[in-house]
Amino acid sequence: MRLTLFSDYALRVLLYLAARPGRPISTQEVSEAYGISKNHLVRVVQTLGRHGFIDVRPGRTGGILLAKD
C-alpha cells in the first residue's frame, strides 16, 4: 500500500502524540523527531485539527494533543 506524503506525516503525528499522552507537544518537537519540514507539518496539524483528530492549543504554552483516547 502506498501513502501520500501528507498521509504519512499525518500518521506520524498521531503516533507521536499517542506515545506521549497528557502533555501538549510542539510542532517543532515532532518536526525534529522525524526530520520533517516544520512548514509541511503545520499544514498537516491544521488539517488534523480541523477534522477533530487533535486539539490545537495556540500560544507559548500551547501545543497539540490527541482529541480522543
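## Buried, exposed and in between

A residue is buried under 20% relative accessible area and exposed over 50%; in between, it is partly exposed. This model is predicted. By that scale, Glu29 is partly exposed, because its relative accessible area is 22%. Buried residues make up 29% of the 69 residues in the protein chain.

## Overall fold

The protein chain holds three helices and two strands. Along the sequence their pattern is α-α-α-β-β. The radius of gyration is 11 Å, close to the 11 Å that the globule rule gives for 69 residues, so the chain is as compact as a globular protein of that length. Its C-alpha trace spans about 35 × 25 × 20 Å along the principal axes.

Residues 24 or more positions apart account for 45% of them.

## Surface and charge

The protein chain exposes about 5000 Å². Carbon and sulfur atoms supply 52% of that area. The chain carries 10 positive and 5 negative charges, and their mean positions are 5 Å apart.

## Salt bridges

Side chains of opposite charge can pair when their charged atoms come close. How many salt bridges does a search of the whole structure find? The search finds two.

One joins Asp8 and Arg12, with the closest N and O atoms 3.2 Å apart. Both residues sit in helix α1 (residues 5-19). They are four residues apart, so about one helical turn separates them. Asp8 is partly exposed at 23% relative accessibility, and Arg12 is partly exposed at 28%.

Arg23 and Glu29 also form a salt bridge, at 3.1 Å from N to O. Arg23 is partly exposed, at 40% relative accessibility.

Technical notes
Residues numbered from 1 in each chain as written. Predicted model: local features only at pLDDT ≥ 70, side-chain atom pairs only at ≥ 80, totals over all residues. Heavy atoms only, no water. Rg over C-alpha atoms; globule rule 2.2 N^0.38 Å. Buried < 20%, exposed > 50% of the residue type's maximum accessible area, 1.4 Å probe, protein only. Contact = heavy atoms within 4.5 Å. Areas by Shrake-Rupley, 256 points an atom, 1.4 Å probe, with all protein chains shown as cover. Lys, Arg positive; Asp, Glu negative; His and termini not counted. Charge placed at Lys NZ, Arg CZ, Asp CG, Glu CD. Salt bridge = Lys/Arg side-chain N within 4 Å of Asp/Glu carboxyl O.
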